[in-house]
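Take the topics one by one and find each residue as you go.

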Amino acid sequence: MAKIKLAKDKIEKLIDICKSFNNEGSELINVLHQAQHNFGYLPAEVQEVVARELDVSVAHVYGVVTFYSFFTMVPMGEFPISVCMGTACYVRGAEKVLEELKKHLKVPIGETTEDGKFSISCLRCVGACGLAPVVTIGERTYGRVAAGDVADILKEYQN
Amino acid sequence: MEQMIKLTIDNKEVEVAKGTTMLTAAKQIGVEIPTLCHMHLEDMNIEHNPGGCRICVVEVDGRRNLAPSCNSKCEAGMNIKTHSMRVLNARKTVMELMLSDHPFDCLVCAKSGNCDLQTIAQNLGVREIHYAGAKSTYKVDTSPAIIRDMDKCIMCRRCETMCNDVQTVGALSAINRGFESVVAPAFEMDLEKSTCTYCGQCVAVCPTGALTEKDHTNQLIRDLANPNKTVVVQTAPAVRAALGEEFGMEVGTLVTGKMVTALRNLGFDSVFDTDFAADLTIMEEGTELLQRLGAHLKGDKDVKLPILTSCCPGWVNFFEHHFPEMKDIPSTARSPQQMFGPIAKNYLAKEMGVKREDMIVVSIMPCLAKKYECQRDEFKVDGDPDVNYSISTRELANLIKQANMDFVTLPEEDFDNPMGESTGAGVIFGTTGGVIEAATRTAYEVYTGKTLEKVDFNALRGMEGIRSAKVDFDGLELNIGIAHGLGNARKLLEEVRDGKSNYHAIEIMACPGGCIGGGGQPLHHGDTSVLAKRAAALYREDAGKAIRKSHENPYIIKLYEEFLGKPCGELSHKLLHTHYFDKKNEIEIE
């Protein structure tokens, strides 16, 4: 019997999230979405609890988590940065913006800065191609970002 | 009434029901379209047709693109070409792309000669791979029963259908996406740490060498070649009903005598029968059933009913992982394999004048979970397993071929004694319904003190996934449930858990069909009609036996007189019973 450790309030929160979707297996993606919103990421323990509550296999939960690039199993920063690499953003220089971010924060894609403040990830199209290239930080969206704007944007979060 | 439509396939007119796939329609007029991911288990009402492999594409007049025939439906007036040059060209390209990410291990691959991918590549005449791309590299995951070599996976996902839909085990899922996608247990943990039951149904349907059994043939050859070892073998009932298939014999041919001769030729010191141990299982499990039933009838509220059979190791793994709260409901009787082991090493070894450490007990099993079962710690004495290892029906067939025996023309010999004598009751253990029928034969006579006039309980036989029957024990009506396939077992188990079950006894076998459909049997390539034929073979052997009730096996009677004492007695409990473990992942509050 293997044991999974998770703090009590976290388990309760997760159970509540599952309940808010009537513990339906078909709501798995929405449940994971909420769980990640609350915990910042989806560690194995969280997936175990979700699987149990929705009565689906853990392998299935893990399959969904690894399929969608939005879900992450590593803790994200306090301010998660996503750079859109969809076609429109890409051709308008998203890659340069990304390089600039990596240079400033000194972490590769998919990882979090040592102080836990920022994490960098890429995503495919946020549906705002008119604003390309697009960067999102937390809930905020930045449009028509140029590599030269990166330093100023990051400054907004330094206090 | 079904609406029928007419269309043309390869210049032949065909009439099919609306909704029929092109693949099925083609089959109807004898046109075989090659498939890799498609799997249709008709008897189980399971059709797996994701249309992912693209090998089954066909050309449809008036359509721009080729259509995957396994999941494209026929329409009236269609003109389909299944083997046009455009189709062959596409199939070849698809195959080359698939092979461009597949190891060229055919010379040493366990599946070689029995591999759908290899066969189709050969049939397509692929001689060169024009694409050089990235190759997947995964760690080979070796469990005690199953080996996963995901470099050889072609993402047909048949294993997922077996694991999740048929067996409801949920150990496997496709993970990641694009080129990175692969079938794996949760968190890519080793199979051994997952909820896998080792039923082996994934191995039975894998079209490549990605999923294979852990092969113990080389270990066996070493032991047989070692003059200091006394190597004895036991053969499970289901093996004799399927082994012949590996040598081109008709499905359902009984090869008991030839199998015994082959084993003797291989050099086993004694050739025994797991059926003997099956008779012993009936003595123990049947006694336990009557004890629990007696207590229940006396008004004991604590007694656990229904009693569940426990001779299937895949099933034992299943409830330990998924229903551990019910682990005190199954019988504590060990499986026949694990009853044979301790009797061989504690009783037979003395009779033969062999030291325990010099005796190797090998089992021939239709099953992969048996490989795991014999390695369980509770079945070892000071690290020495009661059964050293288990060989599948397929591995035995290979070994017989290696030893250059012409199996079909082998003479027929009898098992050795004392552990080769068995009754018809032991034989039918190999098919769904057989264990409970064997138990009923003995329990009836012990309970009523009367002789059964007719030992055939036809109500317990059949291939339906869940069956129930009432058996009259001289005025006491017993409700008996039967499930085969773990998905069906789950349904009965949930009823028991929710207090909705009125059964007194339930027989469960993990594999569809019971052991005859085990994960170690000759591959049926999706044709589940072979199961009923194998079952019929076992019922034939039962009908032809002089003794058909376990408690009348003279060697079983002798074993109790000379060694064990009485069923469920002290020594029986030590050697022939077991206990179960809670293997569910527990979520602990920090």
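K102(A) is partly exposed, with a relative accessible area of 25%; here buried means under 20% relative accessible area, exposed means over 50%, and partly exposed lies in between, using a 1.4 Å probe and protein chains only. This is a predicted model, in which local features need pLDDT of at least 70 and side-chain atom pairs count only at pLDDT 80 or more, while totals for chains, interfaces and linings use all residues. Residues are numbered from 1 along each chain as its sequence is written, chains are lettered from A and ligands numbered from 1 in the order in which they are written, and side-chain values use heavy atoms, with hydrogens and water left out.

**Salt bridges**

- K102(A) pairs with E99(A) in a salt bridge, and their closest N and O atoms are 3.3 Å apart. A salt bridge is a side-chain nitrogen of Lys or Arg within 4 Å of a carboxyl oxygen of Asp or Glu.
- E99(A) is partly exposed too, at a relative accessible area of 40%.
- Both residues belong to helix α6 (residues 94-105) of chain A, where they sit 3 residues apart, about one turn of the helix. Helices (H or I, at least four residues) and strands (E, at least two) are DSSP runs, numbered from the N terminus.
- An α-helix has 3.6 residues a turn, so residues three or four places apart point the same way.
- Over all chains, the structure holds 47 salt bridges.
- In chain B, R158(B) forms a salt bridge with D116(B), with 3.6 Å between the closest N and O atoms. This pair links distant parts of the chain, 42 residues apart: R158(B) is in helix α4 (residues 158-166) of chain B and D116(B) in helix α3 (residues 116-123) of chain B.
- Are R158(B) and D116(B) buried or exposed? Both are buried.
- R441(B) and D542(B) form another salt bridge, their closest N and O atoms being 2.8 Å apart. They also link distant parts of the chain, with R441(B) in helix α15 of chain B and D542(B) in helix α17 (residues 529-543) of chain B, 101 residues apart.
- R441(B) and D542(B) are both buried. Salt bridges with shared partners join E437(B), R441(B), D456(B), R461(B), D542(B) and R548(B) into one network.

**T448(B) in helix α15**

- T448(B) is found in helix α15 (residues 434-448) of chain B.
- T448(B) counts as buried because its relative accessibility is 16%.
- A polar atom of the T448(B) side chain lies 2.7 Å from the backbone oxygen of Y444(B). A polar atom of that side chain also lies 3.1 Å from the backbone nitrogen of K450(B).
- Leaving out residues up to four places away in sequence, T448(B) touches F473(B) and D474(B); contact means heavy atoms within 4.5 Å.

**Where the chains meet**

- The contact takes 22 residues from chain B and 25 residues from chain A.
- About 2000 Å² is buried between chain B and chain A, and carbon and sulfur atoms give 61% of it. Buried area is the accessible area (1.4 Å probe) that two parts lose on being put together, summed over both.
- How many salt bridges does the rule find across the interface of chain B and chain A? The count is 0.
- S173(B) lies in strand β10 of chain B and is buried, with a relative accessible area of 6%.
- The contacts of S173(B) include A59(A), H60(A) and G63(A), and also V182(B) and V183(B).

**Covered regions**

- The largest nonpolar core has 101 residues, of which I146(B), L243(B) and W315(B) touch the most other members. A nonpolar core is a set of buried Ala, Val, Leu, Ile, Met, Phe, Trp, Tyr and Cys residues joined through side-chain atoms within 4.5 Å.
- Helix α4 (residues 58-67) of chain A gives the most to this core, with 6 residues.
- A second, separate core of 26 residues includes L348(B), V354(B), V387(B) and M419(B).
- Helix α3 (residues 44-54) of chain A is mostly covered, as 8 of its 11 residues are buried. Among them are V46(A), V49(A) and L54(A).
- D55(A) follows α3(A) and has a positive phi, near 55°.

Terms used. Polar contact = N/O pair within 3.5 Å; in protein donor to acceptor, adjacent residues only side chain to side chain.
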